[in-house]
Amino acid sequence: MGDKGTSNYSDVTDFILVGFRVHPELHILLFLLFLLVYTMILLGNIGMMVIIMTDPRLNTPMYFFLGNLSFIDLFYSSVIAPKAMINFWSESKSISFAGCVTQLFLFALFIVTEGFLLAVMAYDRFIAICNPLLYSVQMSTHLCVQLVAGSYFFGCISSILQTSMTFTLSFCASRAIDHFYCDTRPLQRLSCSDIFILRMVSFTLSGLITLPTIIVIVISYLYIVSTVLKIPSTEGRKKAFSTCSSHLGVVSVLYGAVFFMYLTPDTYPELSKVASVCYTLLTPMLNPLIYSLRNKDVKEALYKLLEKKSTVL
């Protein structure tokens, strides 16, 4: 099938991921950069999950959520990075229709789930600081599992709607996706269908996902700040804030990158790709670093694990 045609999505067998429009000589540099970042993502997030699972002191709701955050970061970056690295060396840069559907579905699933999970983590910090005596009762194991399952449920529903509506469009303009992975906006640009309804659904979904999660995060931190400021000792205030600083850092990095990506006009596709790199690769790389560098419990657990390894050797 040629790049141009008048056939609908059912006739499309593959797409071409254009990737970054740079000189071919720079592809090696980009490949090495992606490889370095992806290696750090694997080491950081797998390491974080191992630390949480092996240290009994980290058997708390906060670290249960953090372990799930590392799992999500690991998998949604793995949906994007390997294919992008392969395409730096590939002449065709093609991805099958089924592969494109799968990539969009899994990425949308994990990125939306992460947004809800960050809201859950903010609620967890709110209970821990504002109601410490009731923390173990309110944040029971059963509730924690339900909150994580709910995050995945909403992520799955959102992903099914977004993916199914995107791939019922007619693609008759071109097979070339001007991006380094299958995403909704560049796929919409290939369509000759009326995408007004899809855009309205996408806008509504974004609002239903983003607004509640941001509201939960903001309200939780308003209560947290109010409670912390009432603590008489400076040391007590510092300790309370230290338990939230890592989470705030992760929230800022993710939402900052996502807003930058979706506020970038379609007339600047290269800028949009750079923004996409921020939340598909840099965010999953930074999250374990933020938590390990700013969290005393994680650092102690890491030192303990390294000492155990060195003793065995």
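User: Looking at this predicted model, why are α3 and α8 called roughly antiparallel to each other?

Analyst: Helix α3 (residues 97-130) and helix α8 (residues 234-263) pack at an angle of about 160°. Angles over 145 degrees count as roughly antiparallel, so α3 and α8 get that label. Their axes lie 11 Å apart, and the crossing is left-handed.

User: What makes up the contact of α3 with α8, by residue class?

Analyst: There are eleven nonpolar, three polar and two charged residues. From α3 you have, among them, Ile111, Glu114, Leu118 and Arg125; the α8 side includes Thr243, His247, Val250 and Tyr255.

User: And α2 with α5: what makes that pair roughly parallel?

Analyst: The axes of α2 and helix α5 (residues 141-166) cross at roughly 25° and come within 10 Å. Under 35 degrees counts as roughly parallel, so that's the call for α2 and α5. This crossing is right-handed. Pro61, Phe64, Phe65, Asn68, Phe71 and Ile72 of α2 meet Cys144, Val145, Leu147, Val148 and Tyr152 of α5. By class that gives ten nonpolar, one polar and no charged residues.

User: Phe65 sits in α2. How do you know whether Phe65 counts as buried or exposed?

Analyst: Buried means under 20% relative accessible area. Phe65 comes out at 0%, so Phe65 counts as buried.

User: Which residues is Phe65 in contact with, leaving aside its neighbours within four places in sequence?

Analyst: Leu117, Val120, Met121, Asp124, Met139, Cys144, Leu147 and Val148. Take Asp124: Phe65 and Asp124 are 59 residues apart in sequence, yet 9.1 Å apart in space, C-alpha to C-alpha.

Terms used. Residues are numbered from 1 along each chain as its sequence is written. This is a predicted model: local features need pLDDT of at least 70, side-chain atom pairs count only at pLDDT 80 or more; totals for chains, interfaces and linings use all residues. Side-chain values use heavy atoms; hydrogens and water are left out. Helices (H or I, at least four residues) and strands (E, at least two) are DSSP runs, numbered from the N terminus. Buried means under 20% relative accessible area, exposed over 50%, partly exposed in between (1.4 Å probe, protein chains only). Contact means heavy atoms within 4.5 Å. Axes are lines fitted to C-alpha atoms, for helices over the stretch in contact, and angles run from 0 to 180 degrees between N-to-C directions. Angles under 35 degrees count as roughly parallel, over 145 as roughly antiparallel, 65 to 115 as roughly perpendicular and the rest as oblique. A crossing is left-handed if the near helix is turned anticlockwise from the far one by less than a right angle, and right-handed if clockwise. Ala, Val, Leu, Ile, Met, Phe, Trp, Tyr, Cys and Pro count as nonpolar, Asp, Glu, Lys and Arg as charged, and the others, Gly among them, as polar.
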